[in-house]
Amino acid sequence: MGKILITGGTGFIGSHACIAFINAGYQVVLMDNLSNSKVEAAARIEMITGKHVRFYRTDMRDVEGMRQIFLNNKIDAVIHFAGLKAVGESVEKPLEYYENNIGGTIKLLEVMAEFQCNTMVLSSSATVYGCDNPVPYLEDMPISATNPYGYTKVMIEQILRDVCTANSSFRAVVLRYFNPIGAHESGLIGENPKGIPNNLVPYVAQVAVGKLKQLSVFGNDYDTPDGTGVRDYIHVMDLANGHVAALDYAMQHTGFEPINLGTGKGSSVLEVVHAYEKACRKQIPLQIVERRAGDIATSYADPTKAKELLGWEAVSNLEEMCADSWRFTLQNPNGI
Ligand code: NAD
Ligand code: UFG
């Protein structure tokens, strides 16, 4: 097994992926600038795996810092999670998002080229399916965006496509995540949003633990079975294991490959709330409010390609995802 660099490795998905890669026998090196995570996550990963984890506090835009990581470690592949991800914030600070996500990825790719590292597994998002494609989403549908965050994913995908055209040895598996939730079963690591959460499950978790009063459900007049928005929620450990399968695939195939990581099953906001109520054994107070600008009614994956190419499929159901989220929240009411 080789040595891999995980960018954004102390973040929500990166920290779970780190565990999956260590369990699969890889040596992992983590880097993160800690703009949206804490170094304590690296210590928790060590507690869970019993393995030493090398962590660099480095910004991916710092070329000298990145070169040092590659000089000190023979990196075979990069699993690239680092980036800013808040949709609303990206509308207010577009240049920051373009500069960090796109600029940072270009610098990372330049350093990789210098060290002849030709393999990347990238975090993309279902957001690239935009608002005009019919569900379920398939990888060969046209991609687009409705906000700067989404455009960073569309552009980074295009950059990797072009790098693969220019360099026939390059391999890029681009994973389009649907809605990752849940936490590692230990309750030691999980989602750690700063401030008031934007996403549904972290918000519900904070209501359940008494930090927020009630959930606002953004619209119940969508064309969905109960009128609330439908999404494809996927357990973050299923997602993490999908990265291990994606790297195995990338090691054997050159070129650009976009792949959905979702369950193929949609759940409404109210279904999520009910599953969470079951997990925490409390009622979640809620009120129905206006739709949130930019939201679509329904999003879920066609997960066939992941099964065929990677031999991977999600196994956890919504109840398990909520139970794991709740365990993490109870053990860490103020985050990591
Ligand atoms: P996260 O914020 O928890 O993790 C991202 C990490 O990247 C953070 O720890 C942050 O400190 C780090 N980072 C940001 N800019 C950096 C830079 N310039 N240099 C070094 N580190 C930097 O987010 P996450 O939910 O774990 O998301 C990981 C990736 O998955 C992101 O690229 C995100 O866009 C993508 N994604 C997330 C979701 C989701 O719902 N969580 C959905 C689709 C795609
Ligand atoms: N919702 C509420 N109340 C809340 C938060 C969310 O009703 O307080 C609803 C939304 O309207 C939506 C559903 O819950 O119907 C899910 O919303 P999230 O914000 O959790 O997730 P989104 O599908 O809107 O977006 C997420 C990430 C994006 C990513 C996308 C696809 O935030 O960055 O999944 O992967 F692009």
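I'll start with Asp295: one of its polar side-chain atoms sits 2.6 Å from an oxygen atom of ligand 2, where a polar contact is a pair of N or O atoms within 3.5 Å. Taken alone, ligand 2 exposes 690 Å², and the protein buries 88% of that; areas are Shrake-Rupley values with a 1.4 Å probe.

Before going on: this is a predicted model, with pLDDT of at least 70 needed for local features and 80 or more for side-chain atom pairs, while totals for chains, interfaces and linings use all residues. Residues are numbered from 1 along each chain as written, chains are lettered from A and ligands numbered from 1 in written order, and side-chain values use heavy atoms, without hydrogens and water.

Staying with ligand 2, Arg231 puts a polar side-chain atom 2.7 Å from an oxygen atom of the ligand. At Ser216, a polar backbone atom is 2.8 Å from a ligand 2 nitrogen atom.

Now ligand 1. Its shell has 27 residues, with Asp32, Asn36, Ser37, Asn100 and Tyr149 the closest. A polar side-chain atom of Ser37 is 2.7 Å from a ligand 1 oxygen atom, and the side chain of Asn100 has an N or O atom 2.8 Å from a ligand 1 nitrogen atom. Ligand 1 alone exposes 820 Å², of which the protein buries 95%. S5 gives the most to this shell, three residues.

Key: Near = heavy atom within 4 Å. Polar contact = N/O pair within 3.5 Å; in protein donor to acceptor, adjacent residues only side chain to side chain. Helix = DSSP H or I, 4+ residues; strand = E, 2+ residues; numbered from the N terminus.
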